[in-house]
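Dear colleague,

Please find below the structure that I am handing over to you, followed by an account of what was found in it.

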Amino acid sequence: MSEGVMSPAVLSFLTSNNAIFTVHEHGPVVTFREAQLSLPFDPDAMVKSLAFRLPGDRYAIAAMRAAERADYKKIADALGVKRADLQMATDAELVQALAMVPGGVAPLPINNAQVVIDLGVTAMEAIYCGTGRNDSTLEIRSAELLRVNRGALRDLVKR
């Protein structure tokens, strides 16, 4: 696997934690709808990751099944902040603070980002998620993702 197919920070994190994974290269995609239409992966196995800026120049990533709707109040509670303090990271912040791009956010604690993962992800076998880039997809077993990222498990979606 060449380093060029994923963010070097993501690759470094995965390899330093002896993660077992596969990377799939493809054309750029940013939204779940684009991924559904252009990628060969089962949409029910796709995980989206939302990046947030928190007070004190901290960052957080919330991961959930791609088809689910995020509940921002639940995410704020899981991260220990007020809903008003939960701000989406800008494109520039993604690049500068997390070494990722829009459409490629990985559910990993890159650069000490706090990670929370929706409980629904634990029911999935293999998942497809961001690599830090939007022109490749990380395939990893959900149990392996949970093992390496040490993120908190919470209910994060609208029911």
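In what follows, a residue is called buried under 20% relative accessible area, exposed over 50%, and partly exposed in between. Please bear in mind that this is a predicted model.

On that scale, Arg53 is partly exposed, as its relative accessible area is 26%. Its salt-bridge partner is Glu93, with 2.6 Å between the closest N and O atoms. Arg53 belongs to strand β2 (residues 47–54) and Glu93 to helix α4 (residues 91–98), so this pair ties together parts that lie 40 residues apart in sequence. Glu93 has a relative accessibility of 14% and therefore counts as buried.

The salt bridges come to eight in total. Another of them joins Arg141 to Glu125, the closest N and O atoms being 2.5 Å apart. This pair also links distant parts of the chain, 16 residues apart: Arg141 is in strand β7, while Glu125 is in the loop between β5 (114–118) and β6. Arg141 is partly exposed at 49%, whereas Glu125, at 51%, counts as exposed.

Glu144 is buried, with a relative accessible area of 13%, and Arg147 is partly exposed at 42%.

Four bridges connect β1 with β7 (residues 136–141), and Glu25 has Ser136 as its bridge partner in β7.

Finally, which residue in the loop between β6 and β7 deserves a note here? It is Asn134, which counts as buried because its relative accessibility is 18%. A polar atom of the Asn134 side chain lies 3.3 Å from the backbone oxygen of Pro102. Leaving aside residues up to four places away in sequence, the contacts of Asn134 include His26, Gly27, Pro28, Val101 and Gly103.

Yours sincerely

Conventions
Residues are numbered from 1 along each chain as its sequence is written. This is a predicted model: local features need pLDDT of at least 70, side-chain atom pairs count only at pLDDT 80 or more; totals for chains, interfaces and linings use all residues. Side-chain values use heavy atoms; hydrogens and water are left out. Two strands pair if DSSP finds at least two bridges between them. Helices (H or I, at least four residues) and strands (E, at least two) are DSSP runs, numbered from the N terminus. Buried means under 20% relative accessible area, exposed over 50%, partly exposed in between (1.4 Å probe, protein chains only). A polar contact is a pair of N or O atoms within 3.5 Å; within protein, one must be able to donate a hydrogen and the other to accept it, and residues adjacent in sequence count only if both atoms are side-chain atoms. Contact means heavy atoms within 4.5 Å. A salt bridge is a side-chain nitrogen of Lys or Arg within 4 Å of a carboxyl oxygen of Asp or Glu.
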